[in-house]
Amino acid sequence: MKKLLAFVFVIVLGALIVNHLNENSLFTGFGDAVLADRVSDSYINRDVQGGQGEVIFGESQDLESGAANTVTAIVADYRSFDTLGEITVLFISSLGVALLLGQSKKRIGLEFRPNFMLKIGSRALFAIILMTGVFISIHGHLTPGGGFPGGAMIASSVLLLYLADDEFRAKMRGFKVLESTMGVLYILLGVVGLFITGIFLENFIDNGTLGSLFSAGMIPIIYVIIGLKVGSEISSVIDHFLSEEGA
Amino acid sequence: MLINILEIVVSFLLLLMAFLALTSKSLIKSVMFLSSLSMISVIAFVLMKAPDVALTEAVIGSGLVTSLFVFTLLATRKVGQKQ
């Protein structure tokens, strides 16, 4: 009876998902979307002069935001103050975990012993995952992703080292210094923007050409800061979860 | 047309994985079904044209959360079992 109820509940919830996945009016095919009735259109087409001219990838210069990824432009430029709040929420949750579990000294005891293949293979994978995380953080203004997924990838590479190496404890002091330095840097960038342009967290660097790596003003800098901060925060949370009290 | 069939298959796989994760007896199997659920939802997010959300879901849902669950299951012992 209980299983039947659960099944019916799952079916009803799932019918909503099926319905919305097939809703062609909401998610039109590639190229069929009518840009004129979307908010994103005005974000894409705006430039410094306020005109509605055409924006060309690789050629347009000195746009208002200058990021090829519009989601990033909104998250790290137009709504940067919200992102500062999100970072603070993550910092507070990491702080709470550290307060509750901060006394633990020893790495948690596991049932299995990693063998040679697992140790060497996970060290190779560690490098690849770390580099992917750094890449996604740096290219946040060009490709999907950005600081939050990039930071989570950095943290998952640290977690992989935990899984493979029996003796491994992350250098948590370094992570804590990195985390607080990055938080202070984010605020400092905002204050510098306040002094130069008069608005907190306003972009004060040249926007460059749309689509090149050094473009979009402050967005790559902010996303590198966010990536490092999120990575070190989640790593320290993982460290607290995976250690236990004792000698 | 192909995309439509893919969407329907993905949605029913989502349902199936959610049901299996809820009802399976073994905890480690349940975690594995949960991981495949988030893998399939990554495909659903890509179909709904949200690559940013898909990337985050791939890293957090099937990477971090799954490995934390597996770690926890590895660290727990049955009552009465020696350390």
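**Exercise 1.** How many residues does helix 4 of chain A have, and what distance does helix 4 of chain A reach from its first C-alpha to its last?

*Solution.* The model is predicted. Helix 4 of chain A comprises residues 80–101, that is, 22 residues. From first C-alpha to last, helix 4 of chain A reaches 32 Å, close to the 32 Å expected at 1.5 Å a residue.

**Exercise 2.** Determine which residues of helix 4 of chain A are buried, where they lie around the axis, and which exposed residues the face turned away from them carries.

*Solution.* Step one: a residue counts as buried if 20 or more other C-beta atoms lie within 10 Å of its own. In helix 4 of chain A, Ser80(A), Thr83(A), Ile87(A) and Ser94(A) are buried. Step two: these residues lie on the same side of helix 4 of chain A, because they cover an arc of only 55 degrees around the axis. Step three: the face turned away from this buried side carries exposed residues, among them Phe81(A), Val89(A), Ile92(A), Leu99(A) and Leu100(A). Asp82(A), Gly85(A), Thr88(A) and Gly96(A) are also exposed on that face.

**Exercise 3.** Describe the secondary structure, burial and contacts of chain B.

*Solution.* Chain B has 3 helices and 0 strands, in the sequence pattern α-α-α. Of its 83 residues, 27% are buried. Among contacts in chain B with a separation of 6 or more, 43% join residues 24 or more positions apart.

Methods. Residues are numbered from 1 along each chain as its sequence is written. Chains are lettered from A and ligands numbered from 1 in the order in which they are written. This is a predicted model: local features need pLDDT of at least 70, side-chain atom pairs count only at pLDDT 80 or more; totals for chains, interfaces and linings use all residues. Helices (H or I, at least four residues) and strands (E, at least two) are DSSP runs, numbered from the N terminus. A residue is buried if 20 or more other C-beta atoms lie within 10 Å of its own, exposed if 12 or fewer, and partly exposed in between; C-beta atoms are placed from the backbone. Two residues are in contact if their C-beta atoms, placed from the backbone, lie within 7 Å. The expected span of a helix is 1.5 Å times one less than its number of residues. The arc is that of the directions from the helix axis to the C-beta atoms.
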